[in-house]
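Please walk through this model with me, one region at a time. Keep the sequence and the 3D view open as you read.

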Amino acid sequence: MLMLSELERFEIADENGARARFADLAAPLLDTDYPIVNNLFFRVDKKTLRLPWEAVRAIDREKRQILVSNFDQAEEVSLEPQKDYVLLKYEILDALLLDLQNRRAIRANDLQLEEEDGLLLLKAADASIEAILRRISFGFYRRVGEGGLFDWKYVEFLRGDPKAVHNGAGYHLRITRMPPGEIARLCNFIPYLHAAELITLLPDAKAVKTLEIMTIRRQLQIFEELEEEQVVRLLALMAPDTAADLLGLLQTEMMKNYLEKIPQKKSRRIIELLRYPEETVGAIMTNDIAYLPAELTVVKARRQLRERFQNTDFVYFIYIVDDEENRSLSGMISLRDLFASRDEQTLEEIMDPYISTLSALEEVEKGAYRVVESQLAAMPVTGKGKKLLGAVTIDAAIMAVAPEDKSENLRIFS
Amino acid sequence: MKDETNVEGLEDISSVTAQLPASQRRLPIGLRVNIRGRSIRLRGLKRQPKGMWRWLLILGPGLVATSAGNDAGGIATYSSAGAQFGYDLIWVMVILTISFAVVQEMCARLGAATGRGMLDLIRERFGIGWTLFVVGVVIVANGGVTLSEFVGIGAASELLGVSRYISVPIGAAVLWYLVIYGSYAKVEKIFLLMTFVFFAYPIAAFMGGPDWGEVAKGAFVPTIRMDSAYIFLLVGILGTTITPYIQIFQQSSTVERGAARRHYGPERLDAYFGSIFSNLMSISMIIATGATLYVVGNRNIETAEDAARALEPVVGASATMLFAIGLLGASLLAGAVLPLATSYAVSEAFGIPKGVNLDFRRGKAFFTIFTALIVLGAGIALVPNVPIFPLLVGIQVLNGVLLPIILVFILLLVNDRNLMGDLKNSRLYNFLGWGTFIMITVAVIVMLGGQLLELFGIELFGG
């Protein structure tokens with residue numbers, strides 16, 4: 001086991017007896033558990049030289065020396081970030097890393113390396129105080145405690161540049177397996193450029209779910225760092241209410257541009273929500289809900305919902321309307337009702353016709369309290385002639401009445 | 001209220017309004033936009049506020065950070081400058097306002113462009129050694145200044161007739177509760193409201209009946225005196241006005257406010273406004289004491305409390321009250337800002353979750369540092385006869401050593417294109433920034449050299 005803090009004090013020597021100072025190590029960060037060091041950087045007469053790791057003959061801990069073949073084979077380079085590898089000292093050491101096991105950000109106080117079959121692997125990041133002591137004690141303090149070591153397998157390194165993802169930089173990508181809520185929470189601990197990079201790493205569907213949980217300000221910071229094409233893709237997948245909140249904060253021209261580029265059906269839903277003033281129920285409702293005509297049989301309803309649910313935001317209740325054109329609200333059924341009923345029954349027979357509704361222009365706080373007190377997953381919003389306009393979900397209602405101190409959005413039912 | 005144009009698939013908004021009770025408020029006009037060839041009124045857009053509100057909403061970290069600099073130590077220095085040299089040092093404040101604004105703006109820009117606090121960047125760009133040095137100095141210096149703020153709260157409250165044994169614990173508890181349980185937005189609003197107390201100083205200045213012609217002369221005609229008291233006060237003013245914790249707080253709170261590089265601009269105005277406002281208040285203190293204490297020859301001012309007490313026989317009890325109110329507000333503001341700046345610095349340096357927006361469970365270390373500084377500051381301030389003056393001199397030395405280093409870091413970082421992109425420093429900014437660095441460095445060398453020579457009984461300048 002070797003620590004980078006130890007290695008950086010080693011001398012570099014070649015077979016001809018020439019000497020140099022250690023500068024850095026490079027390793028490609030790929031979808032592997034432990035990155036393999038592929039380049040050694042060292043300094044001779046103010047020049048930075050690079051040798052491939054294959055030129056390293058031995059690491060002699062006794063002599064505190066890295067023996068290489070010949071300095072003449074080295075290439076002069078400048079020590080700068082590259083897309084195909086990451087510099088362990090220059091880029092990772094002292095940077096913020098994501099510790100996926102404990103779902104938090106840590107600072108890399110040191111890095112642990114290990115020799116295996118002539119290869120040098122990056123095995124762990126050390127975030128302990130001991131690591132700091134090792135670095136400032138000029139080699140006098142060498143203890144390595146197990147407590148502060150974070151297995152590299154569960155560490156993600158971000159460069160703080162969303163464009164790095166498109167430019168071919170390597171990542172572990174383990175983070176993409178985490179639930180959106182946990183990724184969103186991790187994003188709170190890192191600068192917004194890192195968060196934008198992280199969002200760019202995620203598949204679009206997960207990126208959207210993650211963004212929806214973040215505060216609106218953080219969403220805005222991230223969106224502004226993404227490329228237009230990605231923004232359009234994400235907006236198209238986003239719940240209309242979240243997309244409306246976000247677009248409502250953009251400059252008018254930018255908002256128009258996005259509304260024209262996302263699919264027309266989604267754009268229409270977002271525009272519909274944007275028409276309701278901030279302080280009204282309409283501003284917090286979602287209009288991406290499932291509704292079906294009353295005369296439909298249960299078996300037909302199940303078949304139709306199979307398709308509709310693929311793109312619908314709120315799916316816990318199905319609202320029953322007289323017909324799909326007028327959408328006059330007649331009742332409501334839950335998913336449980338739908339699956340527990342007999343195939344031949346009509347929705348009208350099984351629906352609950354006694355439902356409380358909200359008006360879209362009702363004061364937001366009053367409406368939100370009604371939803372919270374109803375203890376329902378959502379309450380429908382209707383217009384003239386009981387026309388179904390949308391629904392206020394309980395998470396949206398809670399967010400509307402909760403103190404502003406909350407640092408994350410609540411998103412449970414949609 | 002009828003929406004004139006409808007879009008296919010959208011509800012006519014009048015069908016919704018028909019249901020509403022008669023008392024419903026008028027709907028906002030919203031904005032009419034043309035999307036996909038159709039004109040539609042969007043009432044849900046967050047429209048930019050206009051007029052006075054627009055300007056007030058811009059204010060935030062810049063005004064709070066710079067105002068916190070007018071704390072008990074600042075009031076003592078500015079009051080002493082006025083009492084000893086009348087208006088002769090106001091020109092320094094005029095020049096310093098430009099430097100102050102430039103430095104604060106660079107910090108705000110760093111925060112917005114990178115989303116990282118100052119210690120984040122120092123750690124990542126300059127390594128662990130410099131980070132530990134800066135954090136160490138910040139903890140000691142800010143801890144000492146926090147103590148002086150609670151001494152200031154006690155002194156001010158006693159001038160207003162309330163025992164320090166009541167005001168200091170209450171003040172500490174209120175500040176602690178505010179930061180621990182409040183959101184960043186709420187805390188910032190309260191801090192901004194607290195800056196209103198600084199208007200006590202312009203009022204006191206007017207009450208002193210200054211000769212405005214002489215004030216203008218003092219502001220625009222530089223006077224250099226080669227005597228030690230003058231030089232040390234000049235250096236003291238530089239060190240009091242531009243202080244590391246103000247820069248650290250400015251950058252970290254700009255980050256926490258959620259500033260972003262794509263529409264950086266309001267933060268710049270906030271930093272400029274804060275610097276100008278804060279220095280105008282400082283100038284008011286110089287004018288208030290210059291027009292009164294200097295004229296009657298009462299020149300021995302060491303603390304803000306001295307200044308307030310000395311004003312009573314010259315101007316009347318109301319001036320003392322105004323100074324006391326100003327001191328109370330300033331000390332309360334700085335009593336929260338200093339521990340916060342320290343918490344930000346330590347958290348950023350070691351990668352600890354940080355921010356007023358966190359709850360205690362998630363920000364344990366951040367809030368523990370904050371709590372410890374408040375408790376220690378308030379606790380020690382209640383100990384009778386704490387030797388605060390020698391302590392402040394020591395802190396001034398520490399901050400003096402740190403300031404040029406911080407300025408170099410700021411200037412190097414703000415010129416790094418990889419970090420800053422298009423927000424990198426312009427040539428003019430570099431000229432002003434490096435000019436400030438040279439000015440501050442010379443001042444610090446003079447201060448440290450003077451204090452060193454004083455130890456050997458040698459006077460640098462004539463007395």
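What covers the buried residues of H3(A)? This is a predicted model, and the cover includes parts of two chains. From chain A come strand E1 (2–3), helix H1 (4–7), strand E12 (110–116) and strand E13 (119–126). From chain B come helix H6 (118–159) and helix H16 (317–350).

Now look at the helix itself. H3 of chain A spans residues 129–136. Its buried residues include A:Glu130, A:Ala131 and A:Ile132. A:Arg134 and A:Arg135 are buried too. An α-helix has 3.6 residues a turn, so residues three or four places apart point the same way. After H3(A) comes A:Phe138. Its phi is positive, near 55°.

Move on to a sheet in chain A. Three strands make it up, in the order E19-E20-E21. The sheet is open, and its pairing is mixed. Strand E19 (358–359) and strand E21 (388–393) stand at the edges. Each has a single partner strand, so one side of each is left without a neighbour in the sheet. Strand E20 covers residues 378–382. Five bridges join E20 to E21(A), and these two strands run antiparallel. One place to check is A:Val381, whose bridge partner in E21(A) is A:Gly390.

Turn to chain B. The chain has 463 residues, and 58% of them are buried. It holds 20 helices and two strands. Consider its contacts with a separation of 6 or more: residues 24 or more positions apart account for 80% of them. The chain exposes about 18300 Å². Carbon and sulfur atoms supply 66% of that area.

B:Leu193, B:Phe196, B:Phe199, B:Ile203 and B:Met207 make a nonpolar surface patch of about 500 Å². B:Leu193 lies in helix H8 of chain B, which spans residues 184–194. Why does B:Leu193 count as exposed? Its relative accessible area is 58%, and the exposed class begins over 50%.

Finish with the cysteines. How many disulfides does the structure hold over all chains? The count is zero. A:Cys187 is buried, with a relative accessible area of 0%. B:Cys107 also counts as buried, at 0% relative accessibility. Buried means under 20% relative accessible area, so A:Cys187, at 0%, falls in that class.

Note on methods. Residues numbered from 1 in each chain as written. Chains lettered and ligands numbered in written order. Predicted model: local features only at pLDDT ≥ 70, side-chain atom pairs only at ≥ 80, totals over all residues. Heavy atoms only, no water. Patch = residues over 30% accessible without salt bridge, like charges linked within 9 Å, V, L, I, M, F, W, Y side chains within 5 Å. Areas by Shrake-Rupley, 256 points an atom, 1.4 Å probe, with all protein chains shown as cover. Salt bridge = Lys/Arg side-chain N within 4 Å of Asp/Glu carboxyl O. Helix = DSSP H or I, 4+ residues; strand = E, 2+ residues; numbered from the N terminus. Buried < 20%, exposed > 50% of the residue type's maximum accessible area, 1.4 Å probe, protein only. Pairing = 2+ DSSP bridges. Contact = heavy atoms within 4.5 Å. Disulfide = S-S within 2.5 Å.
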